[in-house]
Amino acid sequence: MSAQATSTNRFLQIFSGPFGALLALLYAVGVTYVLTLDPRSLLGRLLLFSALALIYFIPQRPAVKFLLGAMLVLMVVPAIGLRNPFLLEIGFQVAVFATLALGLNVVVGFAGLLDLGYIAFFAVGAYLWAFFGSQQIWHVDEPPGTFTVYATFPFAAWWFWLFIPLGILAAAGMGIILGFPVLRLRGDYLAIVTLGFGEVIRVLANNLDKPINLTNGPQGITPIQRPPLPEFLTSPELLATLSRWAGRPINANDVYGFFFYFLGLLILGFTIIIARRLDRSKLGRSWTAIREDDVAAVAMGVPLRRTKLTAFAIGAAFSGAMGVLYAANRTFVSPETFSLTASISILVMVILGGLGSIPGVVMGAAVVTLLNIDILQSLSLQLSSLRQGPDLIPLLGIPWKELPTQLDPARYQRFFFGLLLILMMIFRPEGMVPAERARLELHEEEGEAIPDAELEGDLAPDEKLAD
Amino acid sequence: MSVILELTKVTKRFGGLVAVNAVDLRIETGSISSVIGPNGAGKTTIFNTITGIYKPEEGDIRFDGQTIVGMRPDRITAQGMCRTFQNIRLFHNMTVLENILVGAHTRTPSTAWGAVLRTRHFKQAEEEARQEAQRLLLYVGLPRGLGDQLARNLPYGQQRRVEIARALASKPKLILLDEPTAGMNPQETESATRLFRKLRDDLGITVVLIEHDMKVVMGISERISVIDYGQKIAEGTPAEVRKDQRVIEAYLGRHAESTTISMH
């Protein structure tokens, strides 16, 4: 493995220096070109992702990397998104799940508290705006199923902006409520209780349609308002210009695609900054300390209860904000989004990317989301189009038509996740972009040994210092 | 002389087992004292009870004139008492400097909001904490470059020193050292003993040791308390304790012929 690592490093060395920066830029431009040729190609999207990953890894100054990354994310993606709105949708979903994964990473990665019901906090944010941002308030006395449509909403759409901070507060509050009973628990016990909590929230969402109809039960709440767009974004002139560029009619609905993409990125950006800064603060050190040895941490003056509760609250807060955004984006919220498998998915993102590593977790979220909503779906689509045709499967000589539908790649989502996780745990247990700590921990033998001289130091230097 | 720590009839039970039985202990401010006793006598349990990890069933513990029974361990640390552990309990996957910074938790005034907003106050507090940690690293006799190493990669003797630096970072008035020289070679032990004395002489910290190495105990302690089966069986200066018949019995068995504790 160490040989593999060095060969990777040697490959990345090509991208050092001004020449390397140019090379990375060329690659990005090349990818953009492929995407302009066919905005809908899966290959183009994968290349785009590879370019972003490459930019993260190359040995360049952070400013250069940031510039290159921003160019792709803020210019290329929206430009291609004009012609293929699906790209923006993927971008938005990656932003949503990356934020959730970062929130879970605070709890699991930093503080070492295994939380299997994390999706519940996302549900709290989503249902908060779903309830107040729809006509549900007027439906509370109606039995579920009857559906009267009113002309107006109890809260105007602009309230959305106020509900983002409210969603943060509500989710953080739920985090603390969950935190209290599990303060004394560790490991397996903690995992089971949090799992139960996640299920309780989902079951509540499912059943709070009687006696008062708060959640409209399994049917979910719809329509939920989207925040109003500023007028200049929906002006006919702008839409006409955009339509000319895109080569297809662009309407206000498409503008919402851009809007949510950028808003998602903005919240993700804030989340990354906050998570990073907290990790490198006194609070971050306290989290690591209680993860390492809680008895020693307490003996050093770290308040166990408060430190754990802040981890739960902050982790939950991130997903609360995204919940509000997600509800507005979908205009529909139902309990099935918040299943146990969703919690597990987010945990998979965190573990795949690298427990405790912020860039790793973002990358893990991107990979899992892409696999989930793009790669497997696209393969399924391609397969079904092959099935329509008269061609034979190469080597086997059977017509595609007769291929059983059970072999549809989209059905094997969980299978691929499982496989991916097993392979990762065997070959790279510290994740794709390991946290520095985890790398040192799991690959000690490969790390450079500390030079003896440094360790021995001066054997009893205290005498010198005493003077 | 004033008393910094006073235990009155402290009893700690685990189910039917009385681990600590009505122990009285008085530690004078600025002294170096030792608690000794055979293995399993209850010494570490006394430390755990003092530092708030266990809550005593009976008795009172006063630190700096104030009762600390039932106080949370982190609050007790904030009051100015800190400890090391018998089986070193460093945060293994944190760097040496981070370990010391965790020790400084109660003395670092930075807040989470400050960290998120990167306020000047936050940066200043962190910088000061870092410099102080670096200073402590050197003070306990570790080389400067060690700060960035993971704690687990250090040899045993240096881990012990990091643990002391971590405890010192909380700016204690009283430090409890649980078998601080266990596993050290004679050279390391000697240099560690010098460090303990320095803590008292330079920094004015009251030092309480649990120790098995009689050379260390007899050499450094001003007062020694002997614990056996959870009870204090003797107390006094090293010379007094060495001659005490009950101590000799506890260590060598009831029918021991020898009249002095062997001193290597």
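This is a predicted model: local features need pLDDT of at least 70, side-chain atom pairs count only at pLDDT 80 or more; totals for chains, interfaces and linings use all residues.
On one side, 41 residues of chain B are in contact with 35 residues of chain A. Five helices of chain B each give two or more residues to its side: helix 2 (73-79), helix 3 (96-103), helix 4 (112-117), helix 5 (120-139) and helix 7 (186-203). Sorted by class, that side of chain B has 18 nonpolar, 15 polar and eight charged residues.

Now turn to helix 6 of chain A, residues 119-132. Its 14 residues should span 20 Å at 1.5 Å a residue, and the end C-alpha atoms are 20 Å apart, so the two values agree. Because 14 of its 14 residues are buried, helix 6 of chain A is largely enclosed by the rest of the structure.

Next comes the backbone itself. Most peptide bonds are trans, and most residues other than glycine have a negative phi. Which bonds in chain A are cis? One joins Lys210(A) to Pro211(A), with omega near -5 degrees, and another joins Thr222(A) and Pro223(A), with omega about -10 degrees. Pro211(A) sits in the loop between helix 9 (187-207) and helix 10 (236-246) of chain A, and Pro223(A) lies in the loop between helix 9 and helix 10 as well.

Finally, look for positive phi values. Thr331(A) has a phi near 55 degrees and is placed in the loop between helix 14 (304-330) and helix 15 (340-353) of chain A. Thr331(A) counts as partly exposed because it has 16 C-beta neighbours inside 10 Å. Glu179(B), with phi near 45 degrees, is in the loop between strand 7 (174-178) and helix 7 of chain B. Glu179(B) has 20 such neighbours inside 10 Å, so it counts as buried.

Technical notes. Residues are numbered from 1 along each chain as its sequence is written. Chains are lettered from A and ligands numbered from 1 in the order in which they are written. Two residues are in contact if their C-beta atoms, placed from the backbone, lie within 7 Å. Helices (H or I, at least four residues) and strands (E, at least two) are DSSP runs, numbered from the N terminus. Ala, Val, Leu, Ile, Met, Phe, Trp, Tyr, Cys and Pro count as nonpolar, Asp, Glu, Lys and Arg as charged, and the others, Gly among them, as polar. The expected span of a helix is 1.5 Å times one less than its number of residues. A residue is buried if 20 or more other C-beta atoms lie within 10 Å of its own, exposed if 12 or fewer, and partly exposed in between; C-beta atoms are placed from the backbone.
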